[in-house]
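The following exercises concern one protein chain and are to be worked with its sequence and coordinates at hand. Each task is followed by a stepwise solution.

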Amino acid sequence: MPVPVEEPFHDENIQPTKQAKMNDYGTTFRNYDDKESERQKNVDAFYKENHEKQSYAFVQKQREEWLKLDKDVMSIWDAAELLNELIDESDPDLDLPQIEHLLQTAEGCRSMYPDAEYDWFHLTGFIHDLGKVMSHKKFGELPQWAVVGDTFPVGCAYDKGIILSKYFEDNADFNKPEYRSKCGVYAKNCGLDNVVMSWGHDEYMYQVMKLNGCTLPLAAQYIVRYHSFYAWHTANAYDHLCNETDREMLFWVREFNKNDLYSKSTKTIDIGELKEYYTRLINKYFPAKLRW
């Protein structure tokens, strides 16, 4: 049975770890300026479609469809293996199968906080992108513009801190008066839990965890739910919608991001070697089978 754990909090004695600027090949990440590369052209096209189609109404429709969790029943590891067949079209940095990225991230988290009390952080690195199974043929192949990429609030004004924000001008919500103001349909400092985010793997996986009785702590839930919300955790946007819990959890989202982003490498990982450790953690915090 999954075991509940004591909630981690931002202890002032825990100092943020240093963030690398490059990977071990000397390459910077989230570089959207290489206009000549074919991969960058694909990423640009991806965000154009994403920003034009992710409207408030679209998100509500996806939530209604996907949160029924009626697509499949399978284990966490089975879901991870499905991602072997997926390459993230929104990622300008890497074109390895996603399960390799999951283990790179998890091992980065483990290296950063190696003590057993942080095993929840290690496992969060492994599961954080599992919502991308929505793009798998087994789940109906939801287009990647509705699954991956940076997330952002819908129902309020788009912040300039969102990547390639120029493409929002063709979104159906762009000129709707109720969505034009800074807070839009939300109250100031309402808390991110009350804010509707663009649809994608973050929100889906968070809901899969929540509705299946996962016992990972609140910090892990924030990491899964908001790790793609770069405008918030990197550009400091949307603080006017945050409450104190959001600001406290931001510490852990930022710590995680250093591994999600800067652990990326074209070096492959021995999946078999690591499976035993992460299977043990999965059994600790998740039921054997989950509804998806």
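**Exercise 1. Locate His240, classify its burial and list its surroundings.**

Step 1. His240 belongs to the loop between helix 8 and helix 9 (244–262); helices (H or I, at least four residues) and strands (E, at least two) are DSSP runs, numbered from the N terminus. The model is predicted: local features require pLDDT of at least 70, side-chain atom pairs count only at pLDDT 80 or more, and totals for chains, interfaces and linings use all residues. Residues are numbered from 1 along each chain as its sequence is written, and side-chain values use heavy atoms, with hydrogens and water left out.

Step 2. The relative accessible area of His240 is 15%, so the residue is buried; the classes are buried under 20%, exposed over 50% and partly exposed in between (1.4 Å probe, protein chains only).

Step 3. Neighbours within four places in sequence being set aside, His240 contacts Lys182, Cys183, Lys188 and Asn189, where contact means heavy atoms within 4.5 Å. With Lys182 there is a side-chain approach to the backbone oxygen at 3.1 Å.

**Exercise 2. Describe the packing of helix 6 against helix 7.**

Step 1. Two packed helices are described by the angle between their axes and the distance between the axes.

Step 2. For helix 6 (residues 201–211) and helix 7 (residues 218–226), the angle is about 145° and the axes are 6 Å apart. Axes are lines fitted to C-alpha atoms, for helices over the stretch in contact, and angles run from 0 to 180 degrees between N-to-C directions.

Step 3. Helix 6 contributes Asp202, Glu203, Met205, Tyr206, Gln207 and Met209, which meet Gln221, Val224, Arg225 and Tyr226 of helix 7. This contact comprises five nonpolar, two polar and three charged residues.

**Exercise 3. Where is His227, and what does this residue touch?**

Step 1. His227 lies in the loop between helix 7 and helix 8 (230–233). Its relative accessibility is 3%, so His227 is buried.

Step 2. A polar atom of the His227 side chain is 3.0 Å from the backbone oxygen of Val224.

Step 3. Beyond four places in sequence, the residues touched by His227 include His128, Asp129, His201, Asp202, His233 and Asp260. Tyr222, Val253 and Phe256 are also among them.

**Exercise 4. Check the span of helix 4 and state how many of its residues are buried.**

Step 1. The expected span is 1.5 Å times one less than the number of residues.

Step 2. Twelve of the 15 residues of helix 4 are buried, among them Ile99, Leu102, Leu103 and Met112.

Key: Ala, Val, Leu, Ile, Met, Phe, Trp, Tyr, Cys and Pro count as nonpolar, Asp, Glu, Lys and Arg as charged, and the others, Gly among them, as polar. A polar contact is a pair of N or O atoms within 3.5 Å; within protein, one must be able to donate a hydrogen and the other to accept it, and residues adjacent in sequence count only if both atoms are side-chain atoms.
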